[in-house]
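Trainee: I'd like a close look at one part of this protein. Could you pick a spot and talk me through it, one residue at a time?

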Amino acid sequence: MATLQVEVNEEKTRRVDLTQGESFGFLGFEFRRIRSRRDRWMPLHTPRGKKRTALLRTLKQIFRSHRSRPISEVIAQINPILRGWVQYFAVGHSSRCFSYIRDWVEKKIRHHLVRASQRHGFGWKRWSNAWLYGTLGLFAEYRVAYWPCPTALPTRTAP
């Protein structure tokens with residue numbers, strides 16, 4: 001660590017015993033140990049709740065400040081934020097968190113559209129999800145990348 005010129009912060013550093021059900025946060029992820037469906041112990045790393053809340057606060061602020069603006073401007077503001085956040089947390093076990101964020105953003109977009117048309121509700125029958133993502137261009141790539149990805153590994157061809 002001396003060659004990297006990195007020092008350990010003793011106040012923030014602690015030992016964690018994952019076998020006792022403890023967890024720890026590192027670089028925005030929460031790490032813990034759980035039993036898999038096959039009844040084996042496995043590490044679980046998900047985005048921390050604080051990070052998800054911070055993202056939703058940022059998006060909420062954008063929706064509030066762009067209430068009277070066209071939906072295309074709102075989507076142009078939130079798409080880069082969503083893309084960056086999802087790409088950072090796309091490793092591990094993030095799909096449940098992603099589905100929550102996707103649902104939340106869809107409802108906010110629908111609410112914005114409903115207010116603009118001076119109606120009530122969410123417009124479930126009026127606007128399909130395909131229209132939101134296809135025509136409006138709302139960010140839709142909430143995919144978890146499992147690393148190392150077997151398709152990304154170089155393949156050997158027999159001589």
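Predicted model: local features only at pLDDT ≥ 70, side-chain atom pairs only at ≥ 80, totals over all residues.

Mentor: Let's begin with Gln-5, which is exposed, because its relative accessible area is 73% and anything over 50% counts as exposed. You'll find Gln-5 in the segment before β1, the strand that covers 24–26. Have a look at the backbone there too: the phi of Gln-5 is near 60°, a positive value in a residue that isn't glycine.

Asp-39 sits in the loop that links β2 (29–35) with β3 (41–47). With a relative accessible area of 52%, Asp-39 is exposed.

Now on to the helices, starting with α1. Helix α1 runs over residues 49–65 and gives the most to a positive surface patch, with three residues. The patch itself is formed by Arg-57, Lys-60, Arg-64, Arg-67 and Arg-115. Take Lys-60 as the one to zoom in on: this lysine is found in helix α1. Lys-60 has 35% relative accessibility, so it counts as partly exposed.

One is Gln-77, which lies in helix α2. Gln-77 is at 39% relative accessibility and therefore counts as partly exposed. If you leave out residues up to four places away in sequence, Gln-77 touches Ile-62 and His-66. Gln-77 and Ile-62 are 15 residues apart along the sequence, while their C-alpha atoms are 7.4 Å apart in space.

The other is Asn-79, and its helix, α2, spans residues 71–88. Is Asn-79 buried or exposed? Asn-79 is buried, because its relative accessible area is 9% and the cut-off for buried is under 20%. As for what it touches, again leaving out residues up to four places away in sequence, the contacts of Asn-79 are Gly-137, Leu-138 and Phe-139.

How values were computed. Residues numbered from 1 in each chain as written. Heavy atoms only, no water. Patch = residues over 30% accessible without salt bridge, like charges linked within 9 Å, V, L, I, M, F, W, Y side chains within 5 Å. Areas by Shrake-Rupley, 256 points an atom, 1.4 Å probe, with all protein chains shown as cover. Salt bridge = Lys/Arg side-chain N within 4 Å of Asp/Glu carboxyl O. Lys, Arg positive; Asp, Glu negative; His and termini not counted. Charge placed at Lys NZ, Arg CZ, Asp CG, Glu CD. Helix = DSSP H or I, 4+ residues; strand = E, 2+ residues; numbered from the N terminus. Buried < 20%, exposed > 50% of the residue type's maximum accessible area, 1.4 Å probe, protein only. Contact = heavy atoms within 4.5 Å.
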